[in-house]
Amino acid sequence: MEQKENSTNTDIFPIGIFPVEDALEMVLMFNQTGEISYANETVRQKLEYDKDLCGRHISVVFPNTFRAAEDDFDMEHFELGILQNLVAYRKNTTCFPVEARIIKSEICPEMYICMATDILEKEYLGREIERIKQESQEAMKVKSEFVANVTHELRTPVNGVLGNVRELLERELDEGTEKSLRVIERCCDDMNKIINNILDFSKLEAGKFNLEPRKFQFRNMLEYVKANHINKITEKGLDFFMTVSPQIPEYIIGDELRIVQVLNNLLSNAQKFTSWGKITLEVFRTAQVNDKIELFFIVSDTGIGIDAGDRNKLFQSFSQVDASISRKYGGTGLGLNICKQLVELMGGRIDVESEKNRGSNFTFSIWVGVGEGEEAVLQRPDDVKNSMTFASPEDASDGGNLENVRKYGTQDNQENLRKTLSKLILCVEMENWEKAEMFMETIRQLTEEAPWEVKRIALRLKMAIQKENYEKVTAEFEALNRFL
């Protein structure tokens, strides 16, 4: 047998002709009777044979696939040239899975070549990946249920406080008590918004958020959005413009609640980060496919703007441009991420164009259905029967050239300072310290490039407002007015 093995292995098939001796893949050769003629080093190590594998039948290695027969062998579950999963047996009869392909030799047509790869580790890792995937899905389910339960539990006491506060506000109260109750009411409203954001984010993250499209009047929806923001915007001395293309039909089919949610978030951010100038909302109809139309929204402001390097942070969850933003203006960092996911659910995308200290333009598109009975073709641009333009109640103006407004000492800067100071002192006279702080922030920005003595007066004025000290406020107000 030893002589036959040596003759077969080295004389008829010299190992030197096989460049696969040190290959990582298992390589076997056997003839038409199933007798193994060659096995490389990887085979010998994997199957734990020394040099006694050659001369044995291939069914020793793959007993589930090959069966020994007289002067021949049967392949019960194998097709030549196709990669298949087999089970290879070691010398001690233990086994492991392999991926194997068997082909006929081109040099010796009566010979077969088997190339196999040990996939035991691959199968183990596959099972581990599947286990981890199932565990993560279960953890996501538990987390979603936990968030839903917690937000429900939080909302119950908050709404209870809010209901009692509103009931008290209907009574005759002294000014101080009413002011405190108004603060509590606003805090409860803010808490409900945060709770809703967390719940929406959790549903979106878990893939369990469903849109609820229905037919509604588009312009009535915009009237509602306008009513939500017009007072806060104009209280800051900002102008507000809203324009709707005449090409948009009266009725559309979409998720009205979620469209309002996106618009409210963008307009709230615009109002929050803008101290002078204007905020605009424009809506256009840009495309139509069958009974679907694309609506394109633009929300612009003249606020603090965003550096180019920080724009990619805007739509990430729990992200702010910098830590001072959340400390100064508040927010969880979820709003824009939720907007992005809602817009994408409605078939569109959201983008931003901005420059530091030059304002921002947020744009987003969505696809909605055309209401039954609505015109399916685009109207002529000069057809204004459906047009809408809203502006703030104050005189329409662009607030002057923004560069001049920010540059201390220019005519635009001085006019805006006088205008803001007048509103500030009026709030102080009415003891509306919250709005006074809001106007003080505008004054601080308008005096950023002012001489040190002006900045020092502005700082003292801000501290007096924070302490609600009427005498000091009026004194610093007069001092600052003298520089104008």
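Predicted model: local features only at pLDDT ≥ 70, side-chain atom pairs only at ≥ 80, totals over all residues.
Trp433, Ala436, Glu437, Met440 and Arg444 of helix α11 are in contact with Ala458, Leu461, Lys462, Ile465 and Gln466 of helix α12. By class, this contact between α11 and α12 comprises 6 nonpolar, 1 polar and 3 charged residues.

Two packed helices are described by the angle between their axes and the distance between the axes. Helix α11 spans residues 433-446 and helix α12 spans residues 452-466; their axes come within 10 Å and cross at roughly 165 degrees. Angles over 145 degrees count as roughly antiparallel, and α11 and α12 are therefore roughly antiparallel to each other. The crossing in which α11 passes α12 is left-handed.

Helix α12 also packs against helix α13, which covers residues 470-482. Here the axes come within 9 Å and cross at roughly 160 degrees. On the cut-off of 145 degrees, α12 and α13 are therefore also roughly antiparallel to each other. The crossing of α12 with α13 is left-handed. On the α12 side, the contact is formed by Val454, Ile457, Arg460, Leu461, Ala464 and Ile465; on the α13 side, by Lys472, Val473, Glu476, Phe477, Ala479 and Leu480. These residues divide into 9 nonpolar, no polar and 3 charged. Leu461 and Ile465 of α12 take part in the contact with α11 and also in the contact with α13.

Asn265 belongs to helix α6, which runs over residues 256-272. Is Asn265 buried or exposed? Its relative accessibility is 17%, and residues under 20% count as buried; Asn265 is therefore classed as buried. When neighbours within four places in sequence are left aside, Asn265 is in contact with Gly335, Leu336 and Cys339.

The chain as a whole provides the setting for these details. Its secondary structure amounts to 13 helices and 15 strands, among them the helices α6, α11 and α12, and α13. The protein chain has 484 residues, of which 43% count as buried. Of the contacts between residues at least 6 apart in sequence, 62% join residues at least 24 apart.

Methods. Residues numbered from 1 in each chain as written. Heavy atoms only, no water. Axes fitted to C-alpha atoms, helices over the stretch in contact; angles between N-to-C directions. Helix = DSSP H or I, 4+ residues; strand = E, 2+ residues; numbered from the N terminus. Parallel < 35°, antiparallel > 145°, perpendicular 65-115°, else oblique. Left-handed = near helix turned anticlockwise from the far one by under 90°. Contact = heavy atoms within 4.5 Å. Nonpolar A, V, L, I, M, F, W, Y, C, P; charged D, E, K, R; others polar. Buried < 20%, exposed > 50% of the residue type's maximum accessible area, 1.4 Å probe, protein only.
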